[in-house]
Amino acid sequence: MLPALACSAPTIPEIPFIGPSETATPDLPPTPVGDMLSFQVPAYAINLDPGETVPGTRLTYVGRSGDAFEASIDGLTATKRSGDSFFWSGVVAPGVYGNYNLRLTTSLFGGLPVAGPVELIIFNFEPYELASSEEPDARLHYSNLVMDYTVPVGVAVPGTTLTFEGLETQGIGNQSGKLARFSGLLGYPNIAVGDSLVWMGRLRENVIVRYNLRALSFDERNIHLLGTGDLWILN
């Protein structure tokens with residue numbers, strides 16, 4: 001089984017403007033379960049100056065009054081203090097839904113620092129690998145995505161074109177060793193335990209992701225990959 005970062009079907013409210021057609025039922029997830037991919041950013045943090053908004057959201061810091069912070073959430077005024085919640089869920093970009101479970105942290109110099117986990121859900125994704133690893137010029141950039149996958153033979157790493165095809169033996173005699181073989185990779189397809197595995201591609205026309213993984217272990221049945229990632233939203 002794939003762990004928490006694999007494709008999942010989170011329970012979400014009505015999601016406007018994400019769907020295959022205008023006739024989609026508004027109060028249901030707009031795509032089948034297999035067309036949804038979830039990424040976790042466990043330690044998202046930003047320091048806001050008055051008038052600034054958490055990128056991709058409708059969470060705005062208005063100003064400070066004593067020990068209270070005046071904020072705007074979805075256009076509604078809210079008074080917050082250190083330790084209070086600063087939550088928001090909604091459409092971040094076409095085909096991208098975000099859950100921001102942030103809280104106000106201690107402020108010393110007049111700004112408003114907020115931190116917490118962020119979940120990004122990508123709809124209707126069709127991954128393909130990019131030949132270039134150059135970072136794109138994007139409207140939004142999320143770093144330090146946690147990626148932890150146990151992938152069975154014949155199954156693709158979620159959100160990529162990489163499929164674990166099994167093991168092969170390299171060399172003979174005492175110096176022989178096992179390598180994990182992948183398909184769907186533009187470069188060399190075999191890796192040993194401890195090797196890195198980097199993949200960068202598009203999930204949608206407006207979403208690019210980079211996987212920085214390492215093979216922790218593998219056998220004839222599955223491979224365990226652990227690492228971090230970056231996600232860019234172009235528009």
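The side chains of R81 and D67 meet in a salt bridge, with a distance of 3.5 Å from N to O, where a salt bridge is defined as a side-chain nitrogen of Lys or Arg within 4 Å of a carboxyl oxygen of Asp or Glu. This pair links distant parts of the chain, since R81 is placed in the loop between strand 4 and strand 5 (85-93) and D67 in the loop between strand 2 and strand 3, 14 residues apart. R81 is partly exposed, with a relative accessible area of 39%, whereas D67 is exposed, at 51%; in these terms, buried means under 20% relative accessible area, exposed means over 50%, and partly exposed lies in between (1.4 Å probe, protein chains only).

The structure is a predicted model, in which local features need pLDDT of at least 70 and side-chain atom pairs count only at pLDDT 80 or more, while totals for chains, interfaces and linings use all residues. Residues are numbered from 1 along each chain as its sequence is written, and side-chain values use heavy atoms, with hydrogens and water left out.

The protein contains zero helices and 15 strands, where helices (H or I, at least four residues) and strands (E, at least two) are DSSP runs numbered from the N terminus. Of its 235 residues, 41% are buried. The protein exposes about 11900 Å², of which carbon and sulfur atoms supply 52%; accessible areas come from the Shrake-Rupley method with a 1.4 Å probe, and for residues only the protein chains shown count as cover. Among contacts between residues at least 6 apart in sequence, 56% join residues at least 24 apart, a contact being defined by heavy atoms within 4.5 Å.

A search of the whole structure finds six salt bridges. One of them joins the side chains of R58 and D74, at 3.8 Å from N to O. This pair too links distant parts of the chain, with R58 in the loop between strand 1 (36-48) and strand 2 (59-65) and D74 in the loop between strand 3 (68-73) and strand 4 (76-80), 16 residues apart. R58 counts as partly exposed at 47% relative accessibility, and D74 also counts as partly exposed, at 38%. A salt bridge is also formed by R221 and D219, whose closest N and O atoms are 3.6 Å apart; in this pair R221 is exposed, with a relative accessible area of 63%, while D219 is partly exposed, at 24%.

When residues up to four places away in sequence are not counted, Y142 touches V41, Y44, P55, V92, Y100, L120, G229, D230, L231 and I233.

Strands of a sheet pair through backbone hydrogen bonds, either parallel or antiparallel. In this model, an open sheet of three strands has the order 10-11-12, with antiparallel pairing, two strands being counted as paired if DSSP finds at least two bridges between them. Its edge strands are strand 10 (163-170) and strand 12 (190-191), each of which pairs on one side only. Strand 11 (residues 177-183) and strand 12 run antiparallel and are joined by two bridges, and A180 stands opposite I191 in strand 12.

T160 is found in the loop between strand 9 (140-152) and strand 10, and it counts as buried at 7% relative accessibility. A polar atom of the T160 side chain lies 2.9 Å from the backbone oxygen of V157, and a polar atom of this side chain lies 3.0 Å from the backbone nitrogen of L162. Leaving aside residues up to four places away in sequence, T160 touches P127, W199 and Y211.

Most residues other than glycine have a negative phi. N124, however, has a positive phi near 50 degrees; N124 is placed in the loop between strand 7 (112-123) and strand 8 (128-129) and counts as partly exposed at 28% relative accessibility. N144 likewise has a positive phi, of about 60 degrees, although it is not a glycine; N144 lies in strand 9 and counts as exposed, at 54% relative accessibility.

Terms used: Polar contact = N/O pair within 3.5 Å; in protein donor to acceptor, adjacent residues only side chain to side chain.
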